[in-house]
Amino acid sequence: MILQDKTILVFGATGQQGGSVANALRANGWPVRALVRDTKSEKAVALAEQGIELVQGDFSDTASLQAAIEGVYGVFSVQPSSGQGAYGVTDEQEGQYGKTIADLAVVNGVQHLVYSSTVATGPTKTGMGHFDIKSEIEEYIRGLDITHTIVRPSTFMEILALPGMGLDKGQISFFMHPDQSAQFIAVEDIGKIVAAIFAAPEKYANHTLDISSDAVSGAEIAEKFTRAAGRPINYQRFPDALLETNPFLKALTKVVDEGRLTGNADIPTLRQQIPGLLTMDQWLEGTGKTALLAAIEAGGDEVALR
Ligand SMILES: NC(=O)c1ccc[n+]([C@@H]2O[C@H](COP(=O)([O-])OP(=O)(O)OC[C@H]3O[C@@H](n4cnc5c(N)ncnc54)[C@H](OP(=O)(O)O)[C@@H]3O)[C@@H](O)[C@H]2O)c1
């Protein structure tokens, strides 16, 4: 395939998903343009050093989105959510940003829009705004006249190795019961999958694809993290006492108990179609191990999730 004139615009390229996608697209020879808020930030400069074209802009500035999207072949769209305290974005803003980008993609004749949603979305509401707004964006995109692919990543493996998860105390707590399995995705696999989707539009056109790298139970996480850390790490489900003090975690746990967050990806088929997807053990041999050891070193008392 000749890619020289097929630029892909990547949103969130200084973040986890966009960074993974930008990286994988560059590795596969695609010209990449990234909309960044600050072209001088360390992460933006690192993108430019990879040969990625930077365009300064902001989701809230539609003119900047229009300038960035002009002339591109494809768009990777992802937005921060209210589930991440850091950006102060509301569910309404997430919805507005996701829909505006989709509208601009249509108006500008973009040939392939890939939107990253999340595992918990679907026709019925979860009661959690940052999931339900993604269902709304998905539906909106399906109603537009544009070739699109919607990916629904499961929980990132990276979340398990955040400082403040108790790893320094030999403990990891998460949503599942110890014998309950859930799917996880290594962030670097999101890029591999999205690059494969852009490379085969006829195969993935107008598909919605649940994506995951591996499925593991709480007890298996303990076993794998113990091996990778070289010291015992026990697994427990978030204790009830903690859930009572943290309404966000409590609501998320309810979604897990309803089976909406444990993942629906057909992992064997994904592995067949996209080579190199990581098992949790493989992730723990690479970037996962680095993150795990750093989290143990950093310590911290607070639960990292909110
Ligand atoms: N965590 C999980 O397990 C999981 C699983 C599935 C889906 N998700 C979803 O993933 C999404 C977050 O993706 P992520 O983890 O890749 O995000 P992330 O690492 O936090 O990165 C967010 C990116 O968005 C950019 N950004 C923030 N505000 C912006 C604005 N106003 N205008 C333009 N760019 C802006 C940031 O740029 P700066 O460098 O300028 O800050 C950064 O590049 C959320 O919607 C979440 O619900 C998460």
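Colleague: How far is a nitrogen atom of the ligand from an N or O atom in the side chain of Asp 58?

Modeller: That distance is 3.0 Å, and a polar contact here is a pair of N or O atoms within 3.5 Å. Before we go on, this is a predicted model, where local features need pLDDT of at least 70 and side-chain atom pairs count only at pLDDT 80 or more, while totals for chains, interfaces and linings use all residues. Residues are numbered from 1 along each chain as its sequence is written, and side-chain values use heavy atoms, with hydrogens and water left out.

Colleague: Thanks! And which side chains have an N or O atom at 2.8 Å or 2.9 Å from a ligand oxygen?

Modeller: Arg 37 has one 2.8 Å from an oxygen atom of the ligand, and for Lys 134 the distance to a ligand oxygen is 2.9 Å. The protein buries 85% of the 940 Å² that the ligand exposes when taken alone (Shrake-Rupley areas, 1.4 Å probe).

Colleague: Which elements give two or more residues to the shell?

Modeller: Helix 1 and strand 7 (155-156) do. Helices (H or I, at least four residues) and strands (E, at least two) are DSSP runs, numbered from the N terminus.

Colleague: And which residues come nearest to the ligand?

Modeller: Thr 14, Gln 16, Gln 17, Arg 37 and Gln 79, out of 24 residues around the ligand (a heavy atom within 4 Å).

Colleague: Switching to the sheets: what is the strand order in the open sheet of seven?

Modeller: The order is 3-2-1-4-5-6-10, with parallel pairing; two strands pair if DSSP finds at least two bridges between them. Strand 3 (53-56) and strand 10 (207-211) are the edge strands.

Colleague: How many bridges link strand 2 and strand 3?

Modeller: Four, in the parallel sense. Ala 34 stands opposite Leu 54 in strand 3.

Colleague: What about the open sheet with three strands?

Modeller: Its order is 7-9-11, and the pairing is mixed. Strand 7 and strand 11 (214-217) each have a single partner strand, so one side of each has no neighbour in the sheet. Strand 7 pairs with strand 9 (residues 181-185) in the parallel sense over two bridges, and Thr 155 stands opposite Phe 184 in strand 9.

Colleague: Which helix packs on that sheet?

Modeller: Helix 8 (residues 218-229), touching strand 9 and strand 11 (contact means heavy atoms within 4.5 Å).

Methods:
Polar contact = N/O pair within 3.5 Å; in protein donor to acceptor, adjacent residues only side chain to side chain. Axes fitted to C-alpha atoms, helices over the stretch in contact; angles between N-to-C directions.
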